[in-house]
Amino acid sequence: VEARLGSDASPDISQLLRERTGGNPLFVTSLLDSWLERELLRAENLDIERLTCDVPDTVRDLIEQMLEQLDPSDRDLLAAASAIGQEFSVAAAAAASERSEEDVDARCDALARVGRFVEQAGEELWPDRTLAARYRFGHDLHREVLYDSLRPAQRAAIHRRIGNRVEAAYRDRPREMAAELADHFVRAGDAARAVPSLRLAAEQAVERLAHREALEHVTTALAMIDRVPDGPDRWSEELALESMRGAAYIATRGWSAAEAETAFLRARELAGRLDGTAHLGPTLCRLGTLYVV
């Protein structure tokens with residue numbers, strides 16, 4: 001990077017190259033050349049988030065040629081596992097690919113032993129007492145190309161199966177995996193299960209004072225809530241989300257944020273639909289406090 005860009009190049013570029021390619025010289029060179037050719041590394045254009053998601057055609061072609069040399073069954077397995085993340089559990093990969101855990105472990109172990117696409121990453125014990133090996137993709141680029149090879153309907157079905165398996169394993173500890181479950185159910189298009197998981201993830205973010213993260217979770221949940229059947233259960237869920245959204249806007253933009261008032265007004269409307277004063281009292285208190293301040 002210093003040879004191409006000079007000694008004052010952002011250290012983020014070198015770090016990102018290593019993370020994306022695992023240090024593979026061919027991928028490093030191809031990726032850096034592509035970024036330079038498209039002028040993505042100019043100081044005024046540097047967008048680390050965009051570079052994190054970018055897979056140039058030259059690199060994609062190289063990886064696809066490597067994938068074509070795999071047995072189709074192994075390729076399908078890795079594509080399903082790519083929906084889990086850079087690291088994955090055999091238990092989750094078995095659910096994703098609809099194969100037995102023994103078969104998935106045997107195939108991943110064989111691939112790892114010859115250094116093809118995955119490597120061993122230890123093991124873990126799930127709350128339901130499942131003991132599963134873990135593997136990781138050798139390069140983030142491998143995982144992205146595999147994931148992109150899935151058709152939209154395939155992706156949705158795979159994410160739903162992963163979500164179901166993780167949810168069952170963590171049934172007694174739902175908050176622990178709330179963010180991961182939310183991601184899978186959102187990608188599966190399963191609003192009825194995504195919305196509660198997003199709310200739990202937002203609550204955890206608030207506890208860490210990560211209000212921007214909480215706002216992202218709440219916004220996603222509210223964007224999906226129209227797909228949930230109308231009625232008291234949905235109103236109660238939406239009321240909790242709008243209350244959290246108002247508080248998050250206050251925390252990130254201050255008490256004069258118009259979005260906070262809009263959220264609390266919507267919460268008041270929803271509280272009015274629900275029986276009794278248990279919901280209406282706290283909602284009016286929040287709105288009143290906003291106006292007083």
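Predicted model: local features only at pLDDT ≥ 70, side-chain atom pairs only at ≥ 80, totals over all residues.
View 1. The bridge partner of Leu125 is Leu131, a residue of β3.

**View 2. Three strands make up an open sheet.** Reading across, the order is β1-β3-β2, and the pairing is antiparallel. The edge positions belong to β1 (87-89) and β2 (118-125); each has a single partner strand, so one side of each lacks a neighbour in the sheet. From one strand to the next, the twist averages 25°.

**View 3. Helix α8 packs on the sheet.** Follow residues 101-113 and you will find this helix touching β1, β2 and β3. The direction of α8 makes about 140° with that of β2.

**View 4. A nonpolar patch lies on the surface.** Its members are Trp255, Val292 and Val293, and together they have about 340 Å² of accessible area. Val293 sits in the segment that follows α16 (280-292). With a relative accessible area of 60%, Val293 is exposed, because the cut-off for that class is over 50%.

View 5. Ser236 and Leu274 are 38 residues apart along the chain, yet 7.6 Å separates their C-alpha atoms. Here Ser236 counts as partly exposed, at 30% relative accessibility.

Methods
Residues numbered from 1 in each chain as written. Heavy atoms only, no water. Pairing = 2+ DSSP bridges. Helix = DSSP H or I, 4+ residues; strand = E, 2+ residues; numbered from the N terminus. Axes fitted to C-alpha atoms, helices over the stretch in contact; angles between N-to-C directions. Contact = heavy atoms within 4.5 Å. Patch = residues over 30% accessible without salt bridge, like charges linked within 9 Å, V, L, I, M, F, W, Y side chains within 5 Å. Areas by Shrake-Rupley, 256 points an atom, 1.4 Å probe, with all protein chains shown as cover. Salt bridge = Lys/Arg side-chain N within 4 Å of Asp/Glu carboxyl O. Buried < 20%, exposed > 50% of the residue type's maximum accessible area, 1.4 Å probe, protein only.
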